[in-house]
Amino acid sequence: MEIEGLFHIEDRQYVSKEEFHSYLAENYDPEAVPHHLTVLTGVTKYDSQQLERKLKEFGFEIHKRFGIVLQIKNVFKTEEMIEAYLLHDEKTGVVYIYTNYRKTEEIPKIQDFFEKDKDTYYLFIKPKLLRRITYKLIEEFEDIKILDFVARRVKDSKISARIRPSYERSISYWGDDGRDTLREMESYYGVLPNMVTFQITGMAKFKIDSRGLFTYFKGTKEGTELFLNIIDEVTNEARNLLNAYDRTRFEIISVNTDTKTFSIPISTPSSIVLENPLAYSEIDAFEKALDDAGYTTITSIAAEGSLFFSADLISDIGNRIRIKATKNKIKLYPDRDRNLHTFMKFYKFILEKVDSNAEIVL
Amino acid sequence: MGHKIDYKREFRALLQSKPSAGDVKKRFEELKEEYISQKEEELAKHIDDSNYHDKIMDVCISAFSPGSICYNNLGYEFISTEPLIERTYKEEGIKNFDLMIINSEQKNAIFVECKSSISNPGKIITDTYSAIEICHKNKEYLEERVGNKINSMEFVICLPPSHVDHLVREIEKRELSGKIDLKNDSLLKIWQIDMFKEEPRLQLFTRIKSREKPFQTQHIDAGLTKILADSVEITDSEILIKTHPSSHPMTRGKWVIIEIFNLNKDCDPDERIFTRYQIEQFFEASGTISHYASEELSKPLTESFINESLAYGIIEKVEGEEDVYRLKIKGKKIDTILSNYKRAYMKGYLDRIATKVAMEKTVKEFREKQPSLF
């Protein structure tokens, strides 16, 4: 039985993301669907069974299964419902959610699921990557237009800006000349794109949002394929992130003497390399930014010369972490409640508040 | 030799003197305010210094933790913070080192004293040699507690490179003058720890001019000497405990407050109740402190927290119950509670001392100005 509203897919047992995306590229018809397609991407440490359990706990029902594609439904209030297809690629840990539901207030509810659970997170797109994708598209498609964009600058960013470089800013632009304007804004105001809407005449119109949200407004089969390939480019990053996460550890190690055993708790951190060195003079602002982002400082110390900073914090979801910073590197040490949420959120925090070009070390 | 004046009693008596009671009180409050505003910054700095010292300890420990070169390749294991501190609660005059490292195969123990700054090198050296003597006296006790025979003991002061010269010069002075006997087989060794590098480094410092023979600055284990002399990169991994027995009580107290908060997560925020036993369990748990006598230490650490917190109005006893307490600090979320705790602690701490000092000063002033009152 077709649920009204959610786009139709062929009733078969899809066995892989590749198969499902091939099917969509071939068959998804934007004209035949009541509203545009939004794809949300996230990452998770759960296996498919655990993920399903978590979805149910969050309030989603699994209405039907198409192999690894699940049709899910959630009723938030009696009138507001969202339906979507969900695909969990266990190989990569990426979760894709496809929906064409009208009410865009509902989409944040799905993001909520990604954000609230401790072993999932939405797959945000780091500024460097979004910028790279943007300029690659511009290079590949001569006639491509940027119809609107949002671009941001981190406070005291060292990305060059001709106008008042010390300011934190966000620019929202709408106009057919978005392509030129984006370049100008980057040059004058030192901003990096955060959300961009592209139009390739006769092929596709779509939007990429750094929160891991992709919107497909209209296009041909070629356009759909391009759209899905861009999603792939982003989700490939997920592998790196998950690898880095997998290398972090918290263990209680038994240290033995001749007749006794001592338990030593050891934490192995993830490391973020900064492109813009962090200075001792910036630590106050850094601590304030941590506070604003929901981290509670238990103790912190900072020493000058170049920089040594160490802080024990409680994360936004209540687990204890330690961070250490020297001028070029920030390390995040997990405690016994090591989880993906804390790892992803911290990296996102650094990208948004400290250094847009920071990279997780692999 | 004069008798010791009981300023509290004198002050109370002064307050009874009808005509001047108002003046006495006013002056007392003034002096108290003055003292608090002078000492507030000093207290904050003292806590900061203490926290920095804790960090040096953590980084030094990491150099001897599983995953590190010293641990994996040479068998030097960090075993405990503050060896013998458990004895300081019952016995006078015990000074202890910050860390104890054991090589269980070689039966070699290294005791490390971490220093974040050197303001009085002479005193540091004297104190450290006292601590060395105490370690020797307690060798069998330590062997029993850590479960390993100890055939040799070495003693180290570990400090940032910027302070090494200052300390070493004083050591050289004392060794050249004979104040420290160069034939002493427990000559202090020096490690410098550089925390500003991306990957911190630990290095054995050997340029001590008063010592002609290499063995005087080197470790017994040539392998350890070689690795440390070349400067060893400290492993990425770090020991993740909460606090040390010698951490500043306020810093240590924060972790207890978090524990109380967690124990009462689903309760009425005005009724955050806990027992002495729960706090003792907290200190004993692996991951809170890292000490061979954590069970024993849990009692004085808990006692200290409870006493200070009662005195500063941070907690109160629950009526009719033995060893049950209620948190008086308000706040729905942990960040509010922690910041209120810090404020209450600093205020309580300063208030207690300021009261004592102001009482004394008031009495002294009034003795001078109005001796007829006495």
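Select the buried residues of α7(B): among what covers them are α5 (121–137), β4 (152–159), β5 (189–194) and β6 (201–205) of chain B. Contact here means heavy atoms within 4.5 Å, and buried means under 20% relative accessible area with a 1.4 Å probe, protein chains only. The model is predicted; local features need pLDDT of at least 70, side-chain atom pairs need 80 or more, and totals for chains, interfaces and linings use all residues. Residues are numbered from 1 along each chain, chains are lettered from A in the order written, and side-chain values use heavy atoms, without hydrogens and water.

Now show the side chains of B:Val164, B:Leu167, B:Val168, B:Glu170, B:Ile171, B:Glu172, B:Arg174 and B:Glu175, the buried residues of α7(B). Helices are DSSP runs of H or I of at least four residues, and strands are E runs of at least two, numbered from the N terminus. After α7(B) comes B:Gly178, with a positive phi near 90°.

Next, select the contact between the chains: 43 residues from chain B and 45 residues from chain A. Color B:Phe196, B:Glu198 and B:Leu240, which supply 21% of the area that chain B buries against chain A, more than any other three residues. Buried area is the accessible area (1.4 Å probe) lost when two parts are put together, summed over both.

Finish at B:Glu199 and A:Lys329, whose side chains form a salt bridge (2.8 Å, N to O). The rule, a side-chain nitrogen of Lys or Arg within 4 Å of a carboxyl oxygen of Asp or Glu, finds seven salt bridges across this interface.

How values were computed: Buried < 20%, exposed > 50% of the residue type's maximum accessible area, 1.4 Å probe, protein only.
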